[in-house]
Amino acid sequence: MDTREYGEVGAKRRQGKTMNSASHDVHADDGGAFLMPRHSAKILSVRELAPGITHLVLEDAYVARHAAAGQFINLYTNDPTRMMPRPFGVSAVEGDAITLIFAVVGSGTLDFSRLRAGDSIDVLGPLGRGFDMSRSARYVLVGGGLGIPPLLYAAQQLMARSDADSLALLGYRDIRYADSTASRYCDAVRSIDESEGNVITLLNRHLGGLDGDECGEGKSGETIILSCGPHPMMKAVAQWASAHAIPSQLSLEARMGCGFGSCVACVEDTVEGRKKVCMDGPVFTADELGWAV
Amino acid sequence: MDTREYGEVGAKRRQGKTMNSASHDVHADDGGAFLMPRHSAKILSVRELAPGITHLVLEDAYVARHAAAGQFINLYTNDPTRMMPRPFGVSAVEGDAITLIFAVVGSGTLDFSRLRAGDSIDVLGPLGRGFDMSRSARYVLVGGGLGIPPLLYAAQQLMARSDADSLALLGYRDIRYADSTASRYCDAVRSIDESEGNVITLLNRHLGGLDGDECGEGKSGETIILSCGPHPMMKAVAQWASAHAIPSQLSLEARMGCGFGSCVACVEDTVEGRKKVCMDGPVFTADELGWAV
Amino acid sequence: MMESLQTDPAGTGMRSEASGEEGRSPRAETPGTDEPHTGWRHGTVVAGVRWKNPVGTASGTFNLAACGRYYDVSAMGAISTKGVSPVPWEGNPTPRTAETPCGTVNAVGLQNPGVEHYLIDELPKLKALGATVVTNVAGHSDDDYAQVVARLADSPADMLEINVSCPNVSHGGMSVGTDPLALFRLIGRLRSISDKPMVVKLSPNVTDIVEIAKACVDAGADALSLINTLVGMRLDINTGKPILANNTGGVSGPCILPIALSFVWRVRQALPNIPIIGIGGISKGEDALEFLYAGANAVEVGAASLLDPVAPLRVAHELESLLDSRPQLAEKLEKGMAW
Amino acid sequence: MMESLQTDPAGTGMRSEASGEEGRSPRAETPGTDEPHTGWRHGTVVAGVRWKNPVGTASGTFNLAACGRYYDVSAMGAISTKGVSPVPWEGNPTPRTAETPCGTVNAVGLQNPGVEHYLIDELPKLKALGATVVTNVAGHSDDDYAQVVARLADSPADMLEINVSCPNVSHGGMSVGTDPLALFRLIGRLRSISDKPMVVKLSPNVTDIVEIAKACVDAGADALSLINTLVGMRLDINTGKPILANNTGGVSGPCILPIALSFVWRVRQALPNIPIIGIGGISKGEDALEFLYAGANAVEVGAASLLDPVAPLRVAHELESLLDSRPQLAEKLEKGMAW
Ligand SMILES: Cc1cc2nc3c(=O)[nH]c(=O)nc-3n(C[C@H](O)[C@H](O)[C@H](O)COP(=O)(O)OP(=O)(O)OC[C@H]3O[C@@H](n4cnc5c(N)ncnc54)[C@H](O)[C@@H]3O)c2cc1C
Ligand SMILES: Cc1cc2nc3c(=O)[nH]c(=O)nc-3n(C[C@H](O)[C@H](O)[C@H](O)COP(=O)(O)OP(=O)(O)OC[C@H]3O[C@@H](n4cnc5c(N)ncnc54)[C@H](O)[C@@H]3O)c2cc1C
Ligand SMILES: Cc1cc2nc3c(=O)[nH]c(=O)nc-3n(C[C@H](O)[C@H](O)[C@H](O)COP(=O)(O)O)c2cc1C
Ligand SMILES: Cc1cc2nc3c(=O)[nH]c(=O)nc-3n(C[C@H](O)[C@H](O)[C@H](O)COP(=O)(O)O)c2cc1C
Ligand code: FES
Ligand code: FES
């Protein structure tokens, strides 16, 4: 699991470095002792990717340098009456530009969808434990709906690696908003919408040995499922994977009070008790969750 | 007293006109039945008149058409956590442009001082009972500090009249920010700052018969004092006027909860009991206040 | 007691002509007669009194002379007027108001011109306009309340709203609304004076709201309205002193919304049948709807009306649209049962 | 028990090296010795315990593993840790949090890994960093509290903060913090177990806070902290159901600021000498200052810390500047008397 950032920081703090908190201008770049707290970032672009789905790019050198696939960032609306964080998985990083893809579901996402290039917005992150992609393997990215964005970033990172392959299996309600992006990064992309079936249909079709395995065995022979989507889908994916003896990592959602581990609002039951989705997750293995039947 | 607007409206309502409230786009122009509720207005310019004193012009055809001298408007900050009205006396009207002049004293005035041309802001008004300038007379405008702005509008209106003269007696802490504007409208302007004295010094000097009356007797022979400034100054002016047998009208300040007569937050003791500054005032005669010893 | 109102031709939900008759009209028993409707699609019934829509003004934040200039007040579900006392009250010294995040703190101290003035001025004017009137009653003692209720017994007021959340000298300096036994006695006494529909307006500054609510219902209250303001204050960091002359005041506005919702919800859980008027922090239709789901039969808009005189009417229109897509809830309201 | 801290050369008000010793250090008795200072210009004393500055973190909104990554937590006036119970608690089902204007509603239900874990994990780590630690104590019964206090009696915790605002099954379903007599008994019992400086954290969901505060002081509490959260809730207008799995939760954030201020002020009026930690809605230095003027000797920052991990430290710095121009107040704080 990618906890590198925090480990490093802990070590550096022991070396006696402190932030300059008197100026309230706290930076934790690679040489700093602490993580960067909430800060302002500039919006580079906002566009509608599909009806009700927004593609937002913001400039944040710190997040860009540190974000691992599966990690998320908190956005805060510019309406000071709405104080709570809105967590979004990082969907792409190019230079200092961070891409988020989200559905407009409530007050905050509506605000964000109306931002314009040049506006500023508060950000905290990167947060949480991302996907463990340390092994040389064929990674099968199983995404549902608005769970797809973090997988796109995983695909982007895997593309750069010679020791890993990626196959994306994507389930949509209707519009296949992410297929074209996924195709840029993945070795293969298969998708489905609700009229045809769901990601389990795709898993059966492309990994279950029924229809033939389109992605081959991969460079290492090992297959690992990385998945993100609605809770019931994740459970089904975990069970499918376990039944097929494939290790799976599931990125969960939860209502968050802080997003960085302070409030204990965001818990999920695991075999080791209730864990914080924001800090111990959002990515958990099926084994950790006890979902691997 | 200028209660024309409300009287007219009351009469029109009886004629059966209603606002179109379903569209929430309520207009009460000259033909409408109700007063215009809170609405958005565009900022035309904002500049610093003197250190800590802002000159703000906004475009509001409705207020421009209806505002009488001594009336005020509520501004509401664009920060939705700060909900209460900020009342300001109308300082000038030119076409659809309304000028306000205010000191930056707290959170709201700080926000307003940072507005820029093109921004929007919520406005309610014109509100309250303005100065009674119905008589042909010499009006002596006695203003102190940030009480001067509403008197500038009174002067502007008097200038247009052939049956009235105006003499402005202005007291400042230090910078004489309004003298030049007052000179454009008034027949004569005399001012003073704290190092020399206060408006009572001016009253003694220019109306008390000590130094000679610089404004002459005026076209009608009658003198009326219109005054606005800090509470203790107003009391002193009322007493001075009463001692000199001159009728005076005093524009008061009060912390307001609504500004239009609903909440009874803004009261002042009068000979007829506690009256609402926002609706029964802000202008009261010295007699009404029992300040005419 | 039918309302002689013209159908609103523009479909704005507003009457185009005010009626001089009493607003208290039970739901039409004879559908298909030519009884004119009010233009609102979703009404409610509180303690037998029909409201044209589920949104009223909250006491102390409405004044006819002020608000009547901005909108047709008879279009509201109901108008709850400022608390009236047996004799004119002067209220507290000023400043009476202070700002707080998403709200205000007020200490008006129930300044009002007294019940006699109310009976010859605001009440007949409101009734002449066709408004449904909830008369809010204030007192410093049981006798005060009794005197006002007696004076109102045969007035054209549609409902009485007994405000038991103000300091009550008869009960040791605490508000009578915080003492279940004292409250039971007071409401019982008022009940014997008048059979007008009687709402008791509850204070949130209590340990156990359910106990208080039950005391009122047991004593014969027809409905409950809640919440009144929460005790609060602000201090001036330049002087170090409280901003309000009264030191503390009552907090209202969106900041109290979640607190008010939980009070309504807890009373509704305990008392499934009592009509409830939900109050506290409502500034839009969604807020009003949330109160209905929490168990209210109707709502009142307070502080928001001070920030825009037409806010209560806007809330009523917004709620109407939301109810259009919630026919089950709308039907419950029509029948006077929100739960 | 002097603190072995290096003077902060950059003058940031932050120590550059953590100390492993206990943070509880009375004010320097021997001025002019080479005892190093903490870099803060204005400290305070609460129940005999010196805080480097008057700002602490509020219980339940600080977690070392989380917040220690963002700032040097030992720079805070004090760290009040999450309520600990005798055994690990699971807390409530999710969702545990909902948004409300200028605030949040939470129903975590005191999930915590228990006092044994606390004693081997968070407490020693905090002390190793040099933090002044206020250990918040939770319980479902008097015995629970007694057990935790006994376990903490000879721990390195600097102060105990007894959270009596959670539902207490020993006292008929209501929180023990709402019943003066039960509270008097509980605090008296805890007092006999430990002579660590003991703060009692009070609930605002009560009719008469002064009676409650007096019961605590009479039973031997060294200080009071207030307020805990107000009961509140939000409902989902699409489902019509409460958002929180627990239905109701606790409201915190700027929305409760004026309410919290009035609680502190009322207790201070009634009890001029008891040290008070003011809590509720603080998000900037001015808010903290307002609490000091209302009568608090120190403050804690809660919900604001959830919206930016470094918020409490920012508040401490902002307050420090404000105190620079208020030497009288700063001196009172130094002497442990805010009033
Ligand atoms: C780790 C993580 C990653 C996520 N990544 C994405 C993503 O890449 N794309 C995307 O479209 N969505 C994503 N979500 C969901 C997204 O956070 C919510 O849709 C969003 O917070 C809704 O905010 P709102 O203001 O529009 O909704 P409102 O209902 O107005 O929000 C009110 C509060 O509830 C919270 N909330 C509401 N719905 C959710 C939800 N489904 N999950 C968590 N909190 C919620 C909000 O954060 C806010 O605090 C992610 C959630 C988590 C936990
Ligand atoms: C009828 C009337 C006309 C006025 N005309 C002018 C004018 O032309 N120019 C000018 O500079 N000022 C004028 N004032 C004073 C002006 O309203 C206040 O200075 C302003 O409201 C302060 O707002 P703030 O947000 O900066 O202060 P804050 O302290 O942040 O305001 C908090 C609350 O207190 C109220 N408040 C604070 N100070 C005052 C005050 N002195 N009077 C009334 N309410 C106050 C605010 O309106 C707000 O509701 C007038 C006041 C009244 C009543
Ligand atoms: C200025 C003001 C005056 C009030 N006066 C009264 C009153 O006379 N009688 C009463 O029962 N409630 C009174 N209230 C309480 C309101 O009716 C309402 O219960 C409370 O403000 C909460 O609702 P809100 O948040 O919508 O304002 C008053 C409130 C305010 C703000
Ligand atoms: C998520 C959360 C958890 C809390 N947990 C505790 C707790 O364990 N013990 C306690 O005494 N108070 C707890 N509180 C209350 C806070 O310490 C504080 O009293 C309250 O939130 C008001 O302060 P605020 O407005 O600054 O948040 C908690 C508050 C929040 C928001
Ligand atoms: S959201 Fe606060 S701990 Fe996870
Ligand atoms: S400010 Fe509300 S009545 Fe004057």
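This is a predicted model: local features need pLDDT of at least 70, side-chain atom pairs count only at pLDDT 80 or more; totals for chains, interfaces and linings use all residues.
Reader: Let's start with ligand 3; which chains does it lie between?

Author: Ligand 3 is placed between chains B and C. It is surrounded by 23 residues, and the closest are Ser59(C), Lys201(C), Gly253(C), Gly281(C) and Ala303(C).

Reader: What does the shell around ligand 3 look like by class?

Author: The shell around ligand 3 consists of 14 polar, 7 nonpolar and 2 charged residues.

Reader: And which N or O atom in a side chain is 2.7 Å from an oxygen atom of ligand 3?

Author: That atom belongs to the side chain of Lys201(C), which is 2.7 Å from an oxygen atom of ligand 3.

Reader: How much of ligand 3 does the protein bury?

Author: Ligand 3 exposes 610 Å² when taken alone, and the protein buries 96% of that.

Reader: OK, on to ligand 4; where does it lie, and which residues come nearest?

Author: Ligand 4 lies between chains A and D. There are 23 residues around ligand 4, and those that come nearest are Ser59(D), Lys201(D), Gly253(D), Gly281(D) and Ala303(D). By class, this shell holds 7 nonpolar, 14 polar and 2 charged residues.

Reader: Which polar side-chain atom lies 2.9 Å from an oxygen atom of ligand 4?

Author: A polar side-chain atom of Asn136(D) lies at that distance, 2.9 Å from a ligand 4 oxygen atom. On the backbone side, a polar atom of Gly253(D) is 2.9 Å from an oxygen atom of ligand 4, and a backbone N or O atom of Gly281(D) lies 2.7 Å from an oxygen of ligand 4. Taken alone, ligand 4 exposes 610 Å², of which the protein buries 96%.

Reader: What about ligand 2, which residues come nearest there?

Author: Of the 22 residues around ligand 2, the nearest are Arg86(B), Pro87(B), Gly108(B), Thr109(B) and Arg255(B), and ligand 2 lies between chains B and C. Its shell counts 13 nonpolar, 5 polar and 4 charged residues.

Reader: Which element gives the most to the shell around ligand 2?

Author: β4(B) gives the most, with 4 residues. The elements that give two or more residues to this shell are β4 (86-89), β6 (97-103) and α3 (107-113) of chain B.

Reader: Switching to chain A, what does UniProt say about Gly108(A)?

Author: An unreviewed UniProt entry places the feature "binding site" at Gly108(A) and Thr109(A). In the model, Gly108(A) is found in helix α3 (residues 107-113) of chain A, and Gly108(A) is buried, with a relative accessible area of 2%.

Reader: Which residues of chain A does the domain annotation cover?

Author: The unreviewed UniProt annotation "domain: FAD-binding FR-type" covers residues 36-133 of chain A. That span is 13% helix and 47% strand, and its end C-alpha atoms lie 25 Å apart.

Reader: Why is strand β3 of chain A largely enclosed?

Author: Strand β3 (residues 72-76) of chain A is largely enclosed by the rest of the structure because 5 of its 5 residues are buried. Phe72(A), Asn74(A) and Tyr76(A) point one way from β3(A), whereas Ile73(A) and Leu75(A) point the other way.

Reader: What does β3(A) pair with?

Author: β3(A) runs antiparallel to strand β4 (residues 86-89) of chain A, joined by 4 bridges, with Asn74(A) opposite Pro87(A). β3(A) also pairs in the antiparallel sense with strand β7 (residues 120-127) of chain A over 4 bridges, where Tyr76(A) has Asp122(A) as its bridge partner.

Reader: Last one, which residue takes a positive phi in the hairpin of β5(D) and β6(D)?

Author: Cys102(D) does, with a phi near 55°, and the hairpin has 2 residues between the strands. The two strands run antiparallel and are joined by 4 bridges, and Thr97(D) has Asn106(D) as its bridge partner in β6(D).

Terms used: Residues are numbered from 1 along each chain as its sequence is written. Chains are lettered from A and ligands numbered from 1 in the order in which they are written. Side-chain values use heavy atoms; hydrogens and water are left out. A residue is near a molecule or strand if one of its heavy atoms lies within 4 Å of it. A polar contact is a pair of N or O atoms within 3.5 Å; within protein, one must be able to donate a hydrogen and the other to accept it, and residues adjacent in sequence count only if both atoms are side-chain atoms. Accessible areas come from the Shrake-Rupley method with a 1.4 Å probe; for residues, only the protein chains shown count as cover. Ala, Val, Leu, Ile, Met, Phe, Trp, Tyr, Cys and Pro count as nonpolar, Asp, Glu, Lys and Arg as charged, and the others, Gly among them, as polar. Buried means under 20% relative accessible area, exposed over 50%, partly exposed in between (1.4 Å probe, protein chains only). Two strands pair if DSSP finds at least two bridges between them. UniProt positions are given in the numbering used here, feature names are shortened, and annotations may be inferred rather than shown by experiment.
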